[in-house]
Amino acid sequence: MMAVRGALQQLVNLFLINGFALDGTVRMQNDNDSNSNKQGVVKGVRYEIVLTSPATLWSGRALEYARSKVRNDFVHKAAVALLEEAGYSVVGGGKNEGSVRYTKTEEITTLLVEQSST
């Protein structure tokens, strides 16, 4: 799954090169308790994409505050498309659920990824 982290970081780098944000990192979470089923089998790996001062920060926070179903989650959409094309499934932090959150200066995207069975 380190290759997945590297691919996601390259995606973030493309957004940075194009001026979408000031900085961006990808972190692989090792919280196996929250990713495990009742038998203790890990069902995926959690990745967190953190963008500092993205271009959509203000509008994303406004939409989040209004509890809108519409979101400015371009990095999330691009990451899901990349992972699915590479044969992975995004099983948590889902395609349309609350997987993007905002702080005063950051957009944080969370994805739970597992190897696709097809």
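## Reading the model feature by feature

Ser 53 is found in the loop between β2 and α3 (57–65). The model is a predicted one.

Q: Where does Arg 67 lie, and is Arg 67 buried or exposed?

A: Arg 67 is in the loop between α3 and α4. Its relative accessibility is 77%, so Arg 67 counts as exposed. Arg 67 is also a non-glycine residue with a positive phi, here about 55°.

Q: How many helices and strands does the protein chain have, and what pattern do they follow?

A: There are four helices and five strands in the protein chain. Along the sequence the pattern is α-β-α-β-α-α-β-β-β.

Q: What share of the residues of the protein chain counts as buried?

A: The protein chain has 118 residues, and 36% of them count as buried. Its accessible surface is about 7100 Å², with 53% belonging to carbon and sulfur atoms. Contacts give another view: among those between residues at least 6 apart in sequence, 64% join residues at least 24 apart.

Q: Which residues of α4 are buried?

A: The general idea comes from the helical repeat: an α-helix has 3.6 residues a turn, so residues three or four places apart point the same way. In α4 the buried residues are Val 75, His 76, Ala 79, Val 80 and Leu 83. These residues cover an arc of only 130° around the axis, which puts them on the same side of α4.

Q: What covers the buried residues of α4?

A: The cover includes helix α1 (2–17) together with the strands β2 (45–52), β3 (88–92), β4 (100–102) and β5 (106–115).

Q: Which strands are joined to β2 by bridges?

A: A general point on strands comes before the pairings: in a regular strand the side chains alternate between the two faces of the sheet. β1 and β2 run antiparallel and are joined by seven bridges. β2 and β5 also run antiparallel, with eight bridges between them. Gly 24 stands opposite Leu 51 in β2, and Thr 52 has Glu 106 in β5 as its bridge partner.

Q: How many of the residues of β2 are buried?

A: Six of the eight residues of β2 are buried, so β2 is largely enclosed by the rest of the structure.

Q: How many salt bridges are there?

A: The cut-off used is a side-chain nitrogen of Lys or Arg within 4 Å of a carboxyl oxygen of Asp or Glu. By this rule there are four salt bridges.

Q: Which residues are linked with Glu 48 in a network of salt bridges?

A: The network links Arg 27, Glu 48 and Arg 101. In the salt bridge between Glu 48 and Arg 27, the closest N and O atoms are 2.6 Å apart. Glu 48 lies in strand β2 and Arg 27 in strand β1 (residues 23–29), so this pair ties together parts that are 21 residues apart in sequence. Glu 48 and Arg 101 form a salt bridge at 3.6 Å, N to O. Arg 101 is in strand β4, so its pairing with Glu 48 in β2 ties together parts that are 53 residues apart in sequence.

Q: Which residue meets Asp 73 in a salt bridge?

A: The partner is Lys 77, at 2.5 Å from N to O. Asp 73 is buried, with a relative accessible area of 2%, whereas Lys 77 counts as partly exposed at 48% relative accessibility.

Notes. Residues numbered from 1 in each chain as written. Predicted model: local features only at pLDDT ≥ 70, side-chain atom pairs only at ≥ 80, totals over all residues. Heavy atoms only, no water. Buried < 20%, exposed > 50% of the residue type's maximum accessible area, 1.4 Å probe, protein only. Helix = DSSP H or I, 4+ residues; strand = E, 2+ residues; numbered from the N terminus. Arc of directions from axis to C-beta. Contact = heavy atoms within 4.5 Å. Pairing = 2+ DSSP bridges. Areas by Shrake-Rupley, 256 points an atom, 1.4 Å probe, with all protein chains shown as cover.
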